[in-house]
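I opened my notebook to look through a protein model, one feature at a time. Here it is, so that you can follow along.

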Amino acid sequence: KSYFTFIDKTNMTELTLFRFKHSDDSVIGSMSIKTDKAEEFICYTLEDRVREVSGKPVSQWKIPGQTAIPAGRYELKKTWSNRFKKHTLQLMDVPGFTGIRIHSGNFSTDTEGCVLTGTGISDKSINGAQSVVHSREALAKVENRVYPLLQSGEQVFITVG
């Protein structure tokens, strides 16, 4: 008699970006990572303003360089960025958007639809603009969690909502 054990090699890790503090020019969120063991807060995020109109095509509500990506679930991959001259995390197949990345920055003027990271939310605003702080430190935390997973062949997804 022989017994076979089937091992599921389709390991997946899920990141969640929960948007919670909306303003005229941006939205603050929190990013967490969920594995088979636990869910853990990683950092805060800052994106351009959410302009999505449910049921309408992106072309009807997007203002280029000033609009957050649509809510949804996207695969993350480590790809080369010509803009940053290094590998970064890219959200794949975002409807109506190209080159959406997770990178450092503090204000909505530092992004054109991408997701910025921060260890905290600034209580001081410049001209009323929301901002995140210690962005590079937060980005390193995200990359240090996600890059080894991708290197091992695991799929990583982010759900934005």
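My entries below cover salt bridges, a pair of rings, a helix and a loop residue.

**Ground rules.** I am working with a predicted model, where local features need pLDDT of at least 70, side-chain atom pairs count only at pLDDT 80 or more, and totals for chains, interfaces and linings use all residues. Residues are numbered from 1 along each chain as its sequence is written, and side-chain values use heavy atoms, with hydrogens and water left out.

**Salt bridges.** I searched the whole structure for salt bridges and found three. The term asks for a side-chain nitrogen of Lys or Arg within 4 Å of a carboxyl oxygen of Asp or Glu.

I looked up Arg-73 and Glu-14, whose side chains meet with N and O 2.4 Å apart.

Next I found Glu-47 in a salt bridge with Arg-19, with 2.8 Å between the closest N and O atoms. Glu-47 lies in strand S3 (residues 39-48) and Arg-19 in strand S1, so parts 28 residues apart in sequence are tied together. Are these two residues buried or exposed? Glu-47 is buried at 0% relative accessibility, and Arg-19 is buried at 8%. Here buried means under 20% relative accessible area, exposed means over 50%, and partly exposed is in between (1.4 Å probe, protein chains only).

The salt bridge of Arg-145 with Glu-40 has its closest N and O atoms 2.7 Å apart. This pair links distant parts of the chain, with Arg-145 in helix H1 and Glu-40 in strand S3, 105 residues apart. Arg-145 is partly exposed at 29%, and Glu-40 is partly exposed at 37%.

My search of the whole structure gave two aromatic pairs. One of them is Phe-18 with Phe-20, a stacked pair with 6.3 Å centre to centre and 15 degrees between the planes. Rings of Phe, Tyr and Trp (its six-membered ring) pair if their centres lie within 6.5 Å; planes under 30 degrees apart are stacked, over 60 edge-to-face, and the rest tilted. Phe-20 sits in strand S1 (residues 12-22). Phe-18 is partly exposed at 49%, and so is Phe-20 at 37%.

**Helix H1.** I traced H1 through residues 135-151, a run of 17 residues. From first C-alpha to last, H1 reaches 24 Å, close to the 24 Å expected at 1.5 Å a residue (the expected span is 1.5 Å times one less than the number of residues). Where does H1 bend? I found a bend of about 25 degrees at Glu-143, taken as the angle between axes fitted to the seven residues ending there and the seven starting there. Glu-143 is also among the buried residues of H1, which include Ala-138, Leu-139, Val-142 and Val-146. A reminder to myself: an α-helix has 3.6 residues a turn, so residues three or four places apart point the same way. After H1 comes Gly-153, with a positive phi near 95 degrees.

**A loop residue.** Last, I looked up Ser-131, in the loop between strand S8 (120-121) and strand S9 (132-133). Ser-131 is buried, with a relative accessible area of 4%. Ser-131 and Gly-118 are 13 residues apart in sequence, and their C-alpha atoms are 8.6 Å apart in space.

Note on methods:
Helices (H or I, at least four residues) and strands (E, at least two) are DSSP runs, numbered from the N terminus.
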